[in-house]
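Today I am looking up aromatic pairs. I want to know which rings pair up, and how.

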Amino acid sequence: MLSRFPVILLFIAAVGCPTSGALWAQESEKPTVSGEAKANADEIETLIANLESPDFNVRNSARASLLKLDVSGFAILSEAAANAQGDLQIQLTTILDRLQSRWFETPLQDFRSNPDVVHAAKLPGWEKVRRVVGNNESALVVYREMLDAEPRLFSALQFNPSGLPAILLERSAAIEKQMKSGGEQFPAASVLALMTVGTEPGVRLVGASQSHVNSALSHPQFLRLVKNGIHASAIAAITSN
């Protein structure tokens with residue numbers, strides 16, 4: 001990670017980073033689905049084919065089975081939906097929408113209601129935060145603020161990693177525009193989310209993404225927060241690993 005943001009991150013690691021909302025206040029605040037079927041590729045493809053069966057019971061059973069899949073079936077379903085036509089494509093798209101809601105949006109709401117380690121472990125990106133910060137309250141606060149600020153980034157990390165470079169470019173440009181426009185709240189949680197997701201293995205920062213992030217990290221308001229953050233040690237751990 002240091003190789004992508006060498007000067008700025010070394011500075012942050014040395015002095016510590018703050019944590020928007022509770023996360024960025026100044027001092028004076030993979031998902032798994034237990035009990036669900038884990039079908040292999042051949043089984044999933046058979047279920048998809050059965051969606052076009054002339055027998056209603058076969059179609060209904062296939063749909064019910066597909067809706068029980070865990071996230072490991074996403075790639076096969078996604079590719080099948082992209083290549084399907086007509087009614088089959090509609091069915092697969094509907095199934096994917098429901099599955100993605102269960103795999104990401106529902107666990108996200110559960111975590112927001114119960115921000116603990118058990119619920120965090122069902123969401124993308126937590127393992128990285130846990131590994132470098134630990135299973136502690138500071139890590140949970142930092143992670144929740146990032147999810148609240150940039151849920152689309154974390155959803156893409158789970159379901160659309162190939163699309164992440166374009167999303168990172170779009171979000172980093174929007175954040176830089178927000179910084180230039182001024183305002184009372186600096187988008188620090190968004191900046192940290194960009195850094196966290198953008199430095200995942202296999203993710204590339206394209207275009208001006210890196211310069212946008214560097215601009216945010218060197219922004220005077222961010223540097224002021226760096227010196228006074230409640231969760232500075234957690235952010236320092238994330239930015240230096």
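I started with the count: this predicted model holds six aromatic pairs.

Entry one. I looked up F74 and W103. Their ring centres are 6.5 Å apart, and their planes stand at 80°. I call the pair edge-to-face, because planes over 60 degrees apart count that way.

Where do F74 and W103 sit in the chain? I found F74 in helix α4, which covers residues 74-83. W103 is in helix α5, residues 86-113.

Next I checked F74: buried or exposed? Its relative accessibility is 12%, so I noted F74 as buried, the cut-off being under 20%. W103 has 1% relative accessibility, so W103 counts as buried too.

Entry two. I turned to W126 and Y143, another aromatic pair. I read 5.4 Å from centre to centre and 55° between the planes. This pair is tilted.

I placed both residues. W126 lies in helix α7, residues 126-133. Y143 lies in helix α8, residues 137-149. They are 17 residues apart in sequence, so the pair ties those parts together.

I looked up accessibility again. W126 is at 2%, so I wrote down buried. Y143 is at 0%, so Y143 is buried as well.

Which residues form one aromatic cluster with W126 and Y143? I found F111 and F154.

Terms used: Residues are numbered from 1 along each chain as its sequence is written. This is a predicted model: local features need pLDDT of at least 70, side-chain atom pairs count only at pLDDT 80 or more; totals for chains, interfaces and linings use all residues. Side-chain values use heavy atoms; hydrogens and water are left out. Rings of Phe, Tyr and Trp (its six-membered ring) pair if their centres lie within 6.5 Å; planes under 30 degrees apart count as stacked, over 60 as edge-to-face and the rest as tilted. Helices (H or I, at least four residues) and strands (E, at least two) are DSSP runs, numbered from the N terminus. Buried means under 20% relative accessible area, exposed over 50%, partly exposed in between (1.4 Å probe, protein chains only).
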